[in-house]
Amino acid sequence: MLPSGIASATIGSHGYVRGLLADSPQVGNGNLLYAFAYEHNDGPWRNADDFGKYNGVLKYSTGDAMNGFSLSLLGYHADWDATDQAPRRATLGFKLSQTWNHDLFGGAAAGKDAGGKKAVVPFAPNSSTTIGLQTRYDNIRNGLYRTQATNRLSTTRSDHTIETSVGAYFENKTQWAEKFRTVVGVRGDYFHFDVDSNLDANDGDRGKFIASPKLSLIFGPWADTELYLNGGLGYHSNDARGVVARVDPLSGDPVSKADPLVRTKGAEVGIRTAFLPGLQSSLTFWLLDIDSELLFIGDAGNTEASRPSRRYGIEWANFYEPTKWLTLDFDLAFSHTRFRDSAPEGSRIPGSLETVVAAGASVHDFYGGWFGSLRLRYFGERSLIEDDSVRAPATTVVNAQVGYQFNKTWSANVEIFNLFDEESSDIDYYYTSRLRGEPSDGFDDIHSHPNEPRAVRFTVTAKF
């Protein structure tokens, strides 16, 4: 539920335009949340992106988090000419989800029901349980085409994909002692993939169920400080096209179907504290094993199940409010990522980030209505090939915002992206390509999607 309705309009550099309308009025015994947005951007490239996007959400909800029901519909449509590997693409997606929550035991831990009796779980005096059901439906059309000067010459592949999932979950929170509590949960998910391809050999449907248990142990607090240990099983879903494909759409060679749902195993141990006034800080050590990394083959527009991997690292997150009008945050993460099996090409995972820094300062309600922010994002060097012989350079981008709240209804702000006009890349790949006049077998090289140059956007917002 939104505190008030909102309407905003934005214009900016490189043909950028965005409009937003959202509200959550009361309808019957519940609230109807709606939000619709349109966005257009040409980008700074020689051939304009002509990016156009429509997206929206409708959600009806009643009750609350303990006893409630919600039904959501999300829609998305975008079309653009990409200055990247894919010369032309269009996507269309819809998502329908439903959530139902019911308090099985009469309320929070040891609360009272209407009759004044304590509602307790038989095996623990201070416990609450939540069950839920979620559904999702995605309807996607996309394709990969051979082009010359943005004109279509032939079709490599064209697919209509319908992906449906149903998930049920159970969670129990129990306070066993003053300084010890647990969170136990299990989730079951069923996915069904249905692909209608321009290649009959890649038509098909397939389904799979997977269960994911999880456990959290929390100790404390002592001096506003807690220790925690989390562990559990999860999954990632593969591209529906790779799940049913039998032939490579580019070469026609037979291919193995990808596993629909790939098992992951994770754990973390950490400490979080609010001991210092105004400061919330956490330090976490984590580990993640993936049974199969997902590898996208751009030339063929399909996916391949790659090698098993292990990732572990440390994250330090900080949120500090020294005054009522100033907020500072600083996050630092290091990760070590390797394939778990042995292969002659090496053990590095191409494109996997090793060092990430995110930091910012935000000002709000300053001198009668001023607000603003300054944010920094740093990605360190990363390997682009399994033997680590080719690495992408580090990138740093700073964004800024300043605005003024005129009254309860009207506000305006200016955003500057890439404030210092950093010339870097958003993403880098290493593969073989051929330019006009080069030998037929081409050359191995780094291929980058450049970071957009400095851009300015102006937004006016009204609340109603």
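Helices (at least four residues) and strands (at least two) are DSSP runs, numbered from the N terminus.

**Figure 1. Overview of the predicted protein chain.** The model shown is predicted. The protein chain has 464 residues, and buried residues account for 33% of them. Where contacts join residues at least 6 apart in sequence, 57% of these contacts link residues at least 24 apart. The chain exposes about 26000 Å² in total, and 58% of this area is supplied by carbon and sulfur atoms.

Figure 2. Strand E27 covers residues 455-463 and includes Thr 461. Thr 461 counts as buried because its relative accessibility is 11%, and buried means under 20%. Beyond its neighbours within four places in sequence, Thr 461 is in contact with Ile 6, Ala 7 and Ser 8, and also with Thr 409, Trp 410 and Ser 411. Gly 19 lies 442 residues from Thr 461 in sequence, while the C-alpha atoms of the two residues are 9.8 Å apart in space.

Figure 3. Thr 396 belongs to strand E23, which runs over residues 395-405. With a relative accessible area of 29%, Thr 396 is partly exposed. Not counting residues up to four places away in sequence, Thr 396 touches Leu 376, Arg 377, Tyr 378 and Glu 422. Glu 422 is 26 residues from Thr 396 along the chain, and their C-alpha atoms are separated by 7.3 Å.

Figure 4. Asp 194 is placed in strand E10, which spans residues 180-197. The relative accessible area of Asp 194 is 35%, so this residue is partly exposed.

**Figure 5. Close-up of a nonpolar surface patch.** The residues forming this nonpolar patch are Phe 219, Trp 222, Leu 227 and Ile 271, and together they have about 350 Å² of accessible area. Ile 271 is located in strand E13, made up of residues 261-273. Ile 271 is partly exposed because its relative accessible area is 33%, a value that falls between the limits of under 20% for buried and over 50% for exposed.

Technical notes. Residues numbered from 1 in each chain as written. Predicted model: local features only at pLDDT ≥ 70, side-chain atom pairs only at ≥ 80, totals over all residues. Heavy atoms only, no water. Buried < 20%, exposed > 50% of the residue type's maximum accessible area, 1.4 Å probe, protein only. Contact = heavy atoms within 4.5 Å. Patch = residues over 30% accessible without salt bridge, like charges linked within 9 Å, V, L, I, M, F, W, Y side chains within 5 Å. Areas by Shrake-Rupley, 256 points an atom, 1.4 Å probe, with all protein chains shown as cover. Salt bridge = Lys/Arg side-chain N within 4 Å of Asp/Glu carboxyl O.
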